[in-house]
Amino acid sequence: MAGHTFSHHVLHVVFSTKQRRPLIRPDWRTRLYEYLCGIARQEFGCALAVGGTDNHVHGLLSIRTDVAVADALRKWKSLSSKWVHETFPGERIFGWQAGYGSFGVSSSNEEKVKAYILDQEQHHHARTFEEEFLELLRLHKVDYDPRYVFD
């Protein structure tokens, strides 16, 4: 009998536009989220939720066992950036920050994180992306040097 591999790799990922500039336009934001879901299906697993604001994206991702997180996020960001440039030629300055945040999500917390991701517009009336990201790092006990968190 052959062995089988079973996994549940669900991650909450977060990354911003370059310099956290408001580059994700409302008129094509939903299309970008749909495209990000398609990239996830095609390249590394699936996107259970995608949301954000004009300067950052959150994703709740299920990643296959044969794909490294760094490879999945590199593809997610590079292919979506290419799509923005090809689909909206006027968006030449669009780009993603170099890094990202990636946080494990337990099965019992998936729905809560999904709701949080889908409610980003409302959430950011009270808190900036920078404040939110630092709080995620603290909540997940990620060591960081404040001098190097943001580009």
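Tutor: A crossing of helices is right-handed if the near helix is turned clockwise from the far one by less than a right angle, and left-handed if anticlockwise. Welcome to a predicted model, where local features need pLDDT of at least 70, side-chain atom pairs need 80 or more, and totals for chains, interfaces and linings use all residues. Residues are numbered from 1 along each chain as its sequence is written, and side-chain values use heavy atoms, without hydrogens or water.

Student: Which hand does the crossing of α1 and α2 have?
Tutor: Find α1 at residues 26–43 and α2 at residues 69–87 (helices are DSSP runs of H or I, at least four residues; strands are E, at least two). Where α1 passes α2, the crossing is right-handed.

Student: Is α1 parallel or oblique to α2?
Tutor: Their axes (lines fitted to C-alpha atoms over the stretch in contact, with angles from 0 to 180 degrees between N-to-C directions) come within 10 Å and cross at roughly 135 degrees. Under 35 degrees counts as roughly parallel, over 145 as roughly antiparallel and 65 to 115 as roughly perpendicular, with the rest oblique. That angle therefore makes α1 oblique.

Student: Which residues of α2 make the contact with α1?
Tutor: Contact means heavy atoms within 4.5 Å. From α1 come W28, R31, L32, Y35, L36, I39, A40 and E43. Their partners on α2 are K75, W76, L79, S80, W83, V84 and T87.

Student: Which element gives the most to the lining of the largest pocket?
Tutor: The lining has 16 residues, with H12, N109, V113, L136 and H140 nearest the pocket's centre. Strand β4 (101–104) and helices α3 (110–118) and α5 (129–139) each supply at least two. With four residues, the top contributor is α5.

Student: Which residues line the largest cavity?
Tutor: A search of the whole structure finds one cavity of 30 Å³ or more, and the largest has a volume of about 40 Å³. Lining this cavity are S16, R20, Q97, F129, V149, F150 and D151.

Conventions: 1 Å grid on protein atoms, 1.4 Å probe; cavity = no way out; pocket = protein on both sides within 12 Å on 5 of 7 lines; lining within 4 Å. Points joined across faces, edges and corners; volume = space filled by probe spheres on them.
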